Amino acid sequence: MRPISVPLFGLAAASPLVLLALSLILGGLWPYLALLYILLAAVALDLLIPLAAADGVDREFPAADVLLILLGIFALIALPALTWAIAGSSGLTLPARLALLLAGGLWFGQVAHPVAHELIHRPRPLFWLGLAVYTALIFGHHTSSHRLVHHRFVASPDDPNSARAGESFYPFARRAWIGSFRHGLRAETTLRAHARSPGLHPYFLYTGGAVAALLFAALIAGPWGAAAWLAMGCHAGLQILLSDYVQHYGLTRPTTDGKPDKVTMAQSWNTPHWFSSALMLNAPRHSDHHAHPSRPYPALRLPSDAPTLPWPMPLACMIALLPNLWRRKMRPVLAGVQQPLRKAPLAKD
């Protein structure tokens with residue numbers, strides 16, 4: 001098995017865009033085909049075709065950054081285009097519009113989010129493109145909370161985006177959204193209190209940009225346009241929270257003198273499946289990302305000692321939507337991970 005190449009990343013991440021474009025142009029069955037492809041292709045291909053190599057590429061390719069830029073720009077174009085198709089005078093039937101809304105939301109959550117996530121870990125101006133994508137998705141605060149809170153406090157009680165063992169997704173999602181917004185705001189405010197030239201507070205960009213995006217959507221297709229844009233953003237945001245939930249569920253960091261120890265490979269769940277890794281720009285190789293946040297996505301590795309889920313990441317996220325089933329399935333998986341410290345017991349079904 002070979003490491004995933006940059007062309008394969010591009011093919012997997014961009015192929016749903018082709019189906020979405022055909023849906024906009026041709027209508028008919030294409031919105032339904034786009035939804036089925038994005039919903040089921042990753043799971044089916046992951047289960048049918050062998051796993052990807054554990055190693056990443058040995059060096060960064062310029063094409064990796066080009067792919068990030070292209071996908072980020074496509075995401076910013078796709079939002080208004082899909083808004084028009086869903087809520088405007090596209091001629092699509094109501095079921096087709098709903099299918100397109102769900103398909104678009106899935107692509108933004110499964111592809112545009114990993115793209116923006118990778119970009120906000122890069123230097124400017126790539127960082128600004130990632131910020132723009134998150135802000136357009138009405139999830140701009142993730143730009144701050146992910147870098148300043150999640151990476152610092154992951155797998156500890158101070159991280160709102162680390163799920164406790166036995167915690168169901170739905171209460172976690174509420175806690176994580178509110179907590180990450182507040183903690184990110186506090187972290188950015190603290191940084192500016194100690195800076196000589198603090199500049200504009202990024203939360204003004206996040207909130208102002210979100211309002212501007214919804215006003216733009218209303219110009220495209222009226223109130224229903226704003227509702228469609230907001231629905232796609234909320235759908236993507238729920239998937240972002242769902243990925244956080246699955247990738248850190250029940251894992252905790254040991255502490256020394258009351259402070260969390262250094263982050264290791266043991267604080268994130270991983271999956272080795274090739275297509276979902278290509279689709280999500282190696283986001284399922286989450287342990288290596290937390291241990292080396294600046295390591296570009298083609299170079300991320302899958303260490304043998306990292307906790308590994310028995311299912312592809314998209315399938316794990318589907319299971320997590322059914323709390324009793326998730327807890328039952330995860331109980332033996334979590335018990336099999338050797339953790340120095342586990343504070344929260346598993347809840348009973």
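Tutor: What follows is a reading of cavities and of one serine in this predicted model.

Student: How many cavities of 30 Å³ or more does the count come to?

Tutor: Rolling a probe the size of a water molecule over the atoms shows where empty space is left. Here the count comes to two cavities of 30 Å³ or more, and the largest cavity holds about 70 Å³ of space.

Student: Which elements give two or more residues to the lining of the largest cavity?

Tutor: They are α4 (94–120) and α10 (286–291), with α4 supplying the largest share, three residues. The lining of the largest cavity includes Pro 114, His 117, Glu 118 and Tyr 297, and its residues divide into six nonpolar, four polar and two charged.

Student: What lines the second largest cavity?

Tutor: The second largest cavity, with a volume of about 30 Å³, is lined by Pro 16, Tyr 37, Ile 38, Ala 41, Ala 42, Phe 275 and Leu 279. Its lining counts seven nonpolar residues, no polar and no charged, and the largest share, four residues, comes from α2, while α2 (30–48) and α9 each supply at least two.

Student: Is Ser 276 buried or exposed?

Tutor: Ser 276, which has its place in helix α9 (residues 274–279), counts as buried because its relative accessibility is 0%, and the cut-off for buried is under 20%.

Student: Which side chain does a polar contact join to that of Ser 276?

Tutor: A polar contact of 2.7 Å joins the side chain of Ser 276 to that of Asp 46. Leaving aside neighbours within four places in sequence, Ser 276 is also in contact with Pro 284, Met 313 and Pro 314, among others.

Methods: Residues are numbered from 1 along each chain as its sequence is written. This is a predicted model: local features need pLDDT of at least 70, side-chain atom pairs count only at pLDDT 80 or more; totals for chains, interfaces and linings use all residues. Side-chain values use heavy atoms; hydrogens and water are left out. Buried means under 20% relative accessible area, exposed over 50%, partly exposed in between (1.4 Å probe, protein chains only). A polar contact is a pair of N or O atoms within 3.5 Å; within protein, one must be able to donate a hydrogen and the other to accept it, and residues adjacent in sequence count only if both atoms are side-chain atoms. Contact means heavy atoms within 4.5 Å. On a 1 Å grid over the protein atoms alone, a cavity is a set of points where a 1.4 Å probe fits but cannot get out, and a pocket is an open set with protein on both sides within 12 Å along at least five of seven lines; lining residues have an atom within 4 Å of a point. Grid points are joined across faces, edges and corners, and a volume is the space filled by probe spheres set on the points. Ala, Val, Leu, Ile, Met, Phe, Trp, Tyr, Cys and Pro count as nonpolar, Asp, Glu, Lys and Arg as charged, and the others, Gly among them, as polar.
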